[in-house]
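Biologist: I have not seen this structure before. Please take me through it step by step.

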Amino acid sequence: MAESTDSAVEEKELISSATASVDTDGFGTSAVSEEVVLDVKNLQTHFTTRWGTVKAVDGVTYHVKRGETLGIVGESGSGKSVTALSLMRLVPSPPGKIVGGEVVLGGRNLLDLSEHDMTSVRGGEISIILQDPMQALNPVFSIENQVGEAIKIHQGLKGEALWDKIVDSLRKVRIPAPESRAKDYPHQLSGGMRQRVVGAIGISSAPVVIIADEPTTSLDVTIQAAYLRLLRQIQQEEGVGIIFITHDFGIVAKMCDRVAVMYAGRIVEEADVRTIFNEPLHEYTKALISSVPKLEEKTGRLPQIEGQPPLLYNLPPGDAFAPRSTLTFTAEDAARRPPLLEVKPNHWVQLSKSSVADYDKYAHMMPAEDED
Amino acid sequence: MTTAASTSIPGAPGVNPSADAIISIRNLRKWYQVGGGFMGFGDKIYLKAVDDVSFDIERNKTFGLVGESGCGKTTTLKLLLGLETPTSGHIYYEGEDVTTMSKAGRTEFRRSVQAVFQDPWSSLNPRMRVRSIVGEPLEIATTMTKGQIATRVGDLLSETGLNPYQANLYPHEFSGGQRQRIGIARALALNPKVIALDEPVSALDVSIRAQIMNLLVDLQEEHGLAYLLVAHNLATVRYMCHDMAVMYLGVVQESGETEAIFNNPMHIYTNALVSAALPSHPDIHREEFLLPGEVVSPINPPPGDVFMTRTPMEVDPNHKWANERPPLVEKEPGHWVVETPWSMAADAGLKVTLTGHKGV
């Protein structure tokens with residue numbers, strides 16, 4: 001297992017500087033540059049539970065470029081959120097533990113940093129925008145206080161300079177009348193405005209990477225649209241890389257440049273957003289995209305994925321998706337752990353007979369079966 | 001369908017219930033008093049959650065209610081289920097007014113209208129086994145013996161895609177999708193004619209949503225069920241619903257056949273909702289337009305058109321519809337919209353094309 005993933009990592013490094021920039025939104029060009037700002041290699045996060053070890057993140061490799069939005073898509077239990085928390089080293093330990101891999105940001109491996117150094121990275125170089133703005137904000141502190149806290153810690157500003165920076169951050173997220181809003185408390189703001197405040201805290205220290213963990217699921221559609229547009233504008237202005245964690249392919253279609261689809265703790269497919277929508281190779285990706293009803297046309301009966309997402313403490317030994325796959329394959333085909341291979345330029349897929357219909361076309365790429 | 005629409009009048013106030021409808025809602029209001037009127041003095045302040053809503057749910061069809069949070073769609077559903085008492089207005093079931101029905105008639109109505117709720121994690125009692133959860137309505141409302149109930153529960157579970165032997169398990173032993181199936185089995189227990197679905201798939205995983213939506217469609221065909229679907233996801237509504245209404249601030253702004261509305265959304269608010277909905281492909285760029293301001297409070301809304309504070313157009317404060325509630329007007333067969341000088345997308349020069357413009 002280890003060998004196949006490692007070779008995949010190396011191949012991926014070689015290729016990571018050659019992706020074309022793609023415009024994925026209707027409001028301006030994409031700000032993707034070639035500079036890789038965050039490089040995650042073979043990340044493994046395990047949880048010890050009374051049912052056994054849960055491999056929530058099981059050898060995940062990806063990178064984010066300056067100004068790029070990487071979408072990490074998956075269902076609950078796919079490991080998409082734990083992946084993000086692991087980058088920030090916020091996985092509760094025990095029961096969680098990052099058992100392997102590297103997270104390279106600005107030339108340093110974050111997993112090697114001391115807790116003290118990590119504090120300045122969190123909210124500084126990497127910041128996170130969480131799902132529920134009501135839980136992310138403390139109800140007893142004013143907006144000024146909460147936006148200012150991050151700025152004080154990371155930039156050491158005081159007095160007038162601090163106030164200016166707070167107002168500036170609020171202005172960047174298009175909060176009207178930022179001077180008076182700064183004096184308000186969270187309950188005085190609407191849901192959309194609160195989520196903007198969380199965004200202001202996120203961008204206040206000019207981060208290199210923002211992790212957005214389903215930031216719009218609790219918002220109404222029109223407020224969601226305004227917020228997504230805002231994120232995109234901030235990205236263009238600041239050139240920040242965004243990791244967008246979501247289960248919604250609509251958000252992927254609108255926001256992301258590149259997509260990694262996760263299933264049972266592993267990436268099963270990764271490619272630029274158009275390839276994912278136009279030529280998905282993995283059965284899971286195909287099924288996920290086609291099982292969503294379309295607004296644009298009246299569709300016939302939706303194709304559905306049978307079965308349930310797997311329980312992570314009880315994963316099948318090889319291809320985790322095999323029990324839900326509709327392809328014909330033998331038990332041996334499914335028993336081998338499929339390697340993540342680059343089958344076409346910049347298009348990675350977890351190749352196995354049990355989940356890739358075009359397996360025969362790429363079978364020659366499979367590494368020899370000498371390990372396990 | 002078009003002929004049916006001409007007899008069933010979704011928005012016209014005061015019109016008698018139509019024969020095609022299993023449920024007819026007429027001029028339904030739910031106002032909550034939130035202040036004022038101390039000991040009979042002073043002006044009372046009302047939160048108008050639902051204000052003069054009328055629509056028909058036809059037999060064997062699905063009616064969708066869409067709108068943003070606070071628009072009154074869930075209150076309307078609760079009024080139908082009898083979980084809230086209307087301030088005024090009528091709910092007709094099979095042409096009979098539920099509010100003036102005899103006790104026996106009301107019991108029959110309650111059995112015939114069931115509900116499936118949004119969150120399968122909190123809507124099932126964690127201390128009850130599945131057989132008690134699904135069998136409870138049968139115990140209360142029928143004279144079936146324990147043996148008959150057990151058989152019926154087994155049948156209901158297999159019909160909703162579960163195994164009869166799972167009847168002895170507790171809710172926590174199931175995944176979200178399976179729990180929603182338990183909720184559906186329970187709703188089906190008394191052979192209802194109407195099921196109110198309150199965001200039935202939004203709490204579920206993406207790969208499970210299609211399973212549950214297809215199950216609901218299959219059950220509708222098999223049992224001739226009518227659904228009232230409350231949802232905020234427009235794509236779900238287009239997939240599931242035959243007819244729909246768009247609500248804003250307690251008032252229906254546009255209603256009619258689902259396809260008629262999606263093919264030609266007329267109200268500015270409907271266009272704003274459609275333009276803000278997420279695309280199904282990265283090459284679809286819909287032009288977004290955001291309404292000025294935010295959703296205003298439903299406490300003491302404007303006496304006239306409730307939408308007038310959000311329109312991008314000029315509002316003449318002396319116009320009739322700025323001071324009096326405008327009615328729904330049938331602009332094309334089976335397609336009703338609140339028409340004021342500032343509510344029509346065509347007048348504002350706004351027109352959302354669903355497919356947007358393709359390509360980069």
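Biologist: What is the mean pLDDT of chain B?
Modeller: This is a predicted model, and 92% of the residues of chain B reach a pLDDT of 70 or more. The mean pLDDT of chain B is 87.

Biologist: Which element of chain B has the lowest mean pLDDT?
Modeller: Over residues 1-14 of chain B the pLDDT is below 50, although this stretch has 39 contacts in the model beyond near neighbours in sequence. At the other end of the range, strand E8 (residues 226-230) of chain B has the highest mean among the elements of that chain, 96. The lowest mean, 35, belongs to helix H1 (residues 2-7) of chain B.

Biologist: Which strands stand at the edges of the sheet in chain B?
Modeller: The open sheet has 8 strands with mixed pairing, in the order E6-E7-E8-E3-E9-E10-E12-E11 (chain B). From one strand to the next, the twist averages 20 degrees. Two strands have a single partner strand each, so one side of each is left without a neighbour in the sheet: they are E6 (113-116) and E11 (328-332) of chain B.

Biologist: In E7(B), which residue is the bridge partner of B:Gln114?
Modeller: Strand E6(B) and strand E7 (residues 194-198) of chain B run parallel and are joined by 4 bridges. For B:Gln114, the bridge partner in E7(B) is B:Ile195.

Biologist: What angle does the direction of helix H10 of chain B make with that of E9(B)?
Modeller: Helix H10 (residues 268-276) of chain B packs on the sheet, where it touches strand E9 (243-248) and strand E10 (251-257) of chain B. Its direction and that of E9(B) make an angle of about 100 degrees.

Biologist: Which helix supplies the largest share of the side of chain B that touches chain A?
Modeller: The contact takes 38 residues from chain B and 39 residues from chain A. On the chain B side, 18 residues are nonpolar, 12 polar and 8 charged. Helix H7 (206-223), helix H8 (234-240) and H10 of chain B each supply at least two residues. The largest share, 6 residues, comes from H7(B).

Methods: Residues numbered from 1 in each chain as written. Chains lettered and ligands numbered in written order. Predicted model: local features only at pLDDT ≥ 70, side-chain atom pairs only at ≥ 80, totals over all residues. pLDDT = per-residue confidence, 0-100. Contact = placed C-beta atoms within 7 Å. Pairing = 2+ DSSP bridges. Axes fitted to C-alpha atoms, helices over the stretch in contact; angles between N-to-C directions. Nonpolar A, V, L, I, M, F, W, Y, C, P; charged D, E, K, R; others polar.
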